[in-house]
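These entries record what I looked up in the structure shown below.

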Protein chains: 2
Amino acid sequence: MKEFRVIAVEGLPEIRAGDDLAALIAERTELEDGDAVVIAQKAVSKVERRVVSLDGVEPSPRARALSGDRDPRQTEVILQETARVVRSRPPLLIAQTHHGFICASAGVDASNAPEVGSVVLLPADPDASAARLRARFAEVTGREVAVLVSDSFGRAWRQGTTDIAIGVAGMSPLLDLHGERDPAGYELHATTIAVADEITGAAQLVMGKLDRVPAAIVRGLNLTGEGSAQELVMPPERDLFR
Amino acid sequence: MKEFRVIAVEGLPEIRAGDDLAALIAERTELEDGDAVVIAQKAVSKVERRVVSLDGVEPSPRARALSGDRDPRQTEVILQETARVVRSRPPLLIAQTHHGFICASAGVDASNAPEVGSVVLLPADPDASAARLRARFAEVTGREVAVLVSDSFGRAWRQGTTDIAIGVAGMSPLLDLHGERDPAGYELHATTIAVADEITGAAQLVMGKLDRVPAAIVRGLNLTGEGSAQELVMPPERDLFR
């Protein structure tokens with residue numbers, strides 16, 4: 001039977017700036033070659049000091065206009081992380097980040113921030129974060145794993161968030177079936193599967209939001225290869241929903 | 001350690017109209033209370049005879065205009081399944097179905113159709129399909145399981161499809177954390193998680209497209225309760241992307 005397992009990495013301490021996240025995770029689980037280690041964006045961002053204190057942030061008039069009942073200083077930080085505002089209905093602000101991701105508040109979040117009055121940004125380069133973590137896992141454990149940095153994104157037309165991959169290392173995030181034919185000879189219609197987003201979504205089911213479980217292992221898919229979360233970003237010319 | 005498993009249901013025969021799908025699945029796996037049984041939409045649709053032969057379909061002028069290089073008879077069937085055209089760039093057609101789902105081709109698909117010259121529609125009422133299958137699993141096995149009918153949908157802004165839930169029985173598809181606070185006292189930002197879509201996405205990873213594996217078991221989440229895939233459809237007044 002083809003099967004895989006999704007295992008929470010429990011017992012991690014509160015993550016702090018500069019922590020050796022890979023070592024902390026590796027101490028609490030026995031990694032195997034081909035595992036995916038899914039790590040919540042917020043843990044990666046904290047380690048990488050992507051935390052901004054709102055003290056001293058001066059909101060622009062545009063930030064004030066887009067804030068609704070949100071702290072306008074937080075909106076100012078959101079706009080600094082924003083390449084393009086996609087939709088806004090204050091305080092809701094859907095933005096394209098400098099990385100190209102489209103999400104609420106350009107990924108800027110106050111919940112689970114290290115202290116009240118600060119907000120957490122997405123990693124500056126989540127693919128590079130994933131690659132560094134993957135290299136560190138190899139150093140610490142001798143194992144070749146894939147690393148996925150995940151975040152909870154809303155979707156157009158669907159209620160609720162799912163966790164998707166914003167950083168990828170050690171696997172291809174897309175499975176391309178293009179040109180494959182089904183048993184009746186038809187070329188497959190949905191030809192590319194976003195496996196990285198399905199893996200991070202699966203990991204979310206054991207990570208939760210309140211449980212302080214910022215990482216999970218997905219074991220049994222025998223992941224290898226290379227890839228980038230940028231492959232998951234729809235190119236503008238194919239995007240009907242810009 | 002909190003963990004769960006995702007297990008392919010292998011060895012199923014080609015699914016045909018009128019098959020007892022729950023019995024076929026139950027024969028090939030030992031179900032447990034609290035399992036989710038994820039079943040591909042196409043298998044459910046075939047059992048329910050939601051297959052249309054293109055012979056005798058007369059394409060309207062609108063169907064011809066929206067077809068591009070697709071068979072205009074197929075486009076005619078798509079328009080019959082469509083409540084509202086959301087975007088079109090022929091042959092690409094993003095439609096809201098009569099159920100409220102927004103997806104390519106209103107869910108009409110030629111791949112994996114029982115024969116060349118026919119197309120498969122979404123189930124008429126996928127929640128009812130899930131509920132019937134759930135009841136039949138209880139009859140055949142004595143087990144209380146959740147049933148999710150899944151389909152591969154594209155997403156705005158992201159490359160690749162993920163499998164999402166179009167029919168739900170025996171669980172709540174959304175996990176609502178509204179009002180919960182993180183350890184620093186902040187109310188959680190992303191308050192509702194689309195767990196049903198994360199479960200179907202996980203199942204897709206063992207189901208594949210070519211492997212004739214139309215079902216998977218997700219074991220260890222101990223699912224209970226009631227719910228409908230309609231809860232996953234964004235209400236128009238909250239939808240910024242209509």
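**Entry 1. Contact between the chains.** I worked with a predicted model. I began with the contact of chain B and chain A, to which chain B gives 62 residues and chain A gives 62 residues. I then asked which elements of chain B each supply at least two residues of the side that touches chain A. They are strand S1 (3-8), S4, strand S11 (192-193) and helix H6 (195-207). I noted that H6(B) provides the largest share of this side, nine residues. I also sorted the residues of the side of chain B that touches chain A by class, and found 32 nonpolar, twelve polar and 18 charged.

Entry 2. I next looked up strand S1 (residues 3-8) of chain A, which is joined to S1(B) by five bridges. These two strands run antiparallel. For one position I looked up the residue opposite: Glu3(A) faces Ile7(B) in S1(B). I recalled here that S1 of chain B also supplies at least two residues of the side that touches chain A.

**Entry 3. A sheet in chain B.** In what order do the three strands of its open sheet stand? I read the order as S4-S5-S6 (chain B), with antiparallel pairing. Strand S4 (82-89) and strand S6 (102-104) of chain B each have a single partner strand and stand at the edges, so one side of each has no neighbour in the sheet. From one strand to the next, I found that the twist averages 25 degrees. Between S4(B) and strand S5 (residues 92-97) of chain B I found six bridges. Within this antiparallel pair, I looked up Ser88(B), whose bridge partner in S5(B) is Leu93(B).

**Entry 4. Domains of chain A.** I then consulted the division of chain A, which gives domain 1 (1-48 + 122-233) and domain 2 (51-121). How far apart do the C-alpha centres of these two domains of chain A lie? The separation is 25 Å. Eleven residues from domain 1 of chain A and twelve residues from domain 2 of chain A take part in their contact. On the side of domain 1 that touches domain 2, helix H2 (41-47) and strand S8 (146-153) of chain A each supply at least two residues. H2(A) accounts for the largest share of that side, with three residues. By class, I recorded five nonpolar, three polar and three charged residues on the side of domain 1 of chain A that touches domain 2 of chain A.

Methods: Residues numbered from 1 in each chain as written. Chains lettered and ligands numbered in written order. Predicted model: local features only at pLDDT ≥ 70, side-chain atom pairs only at ≥ 80, totals over all residues. Pairing = 2+ DSSP bridges. Helix = DSSP H or I, 4+ residues; strand = E, 2+ residues; numbered from the N terminus. Axes fitted to C-alpha atoms, helices over the stretch in contact; angles between N-to-C directions. Domains from an automatic or database assignment. Contact = placed C-beta atoms within 7 Å. Nonpolar A, V, L, I, M, F, W, Y, C, P; charged D, E, K, R; others polar.
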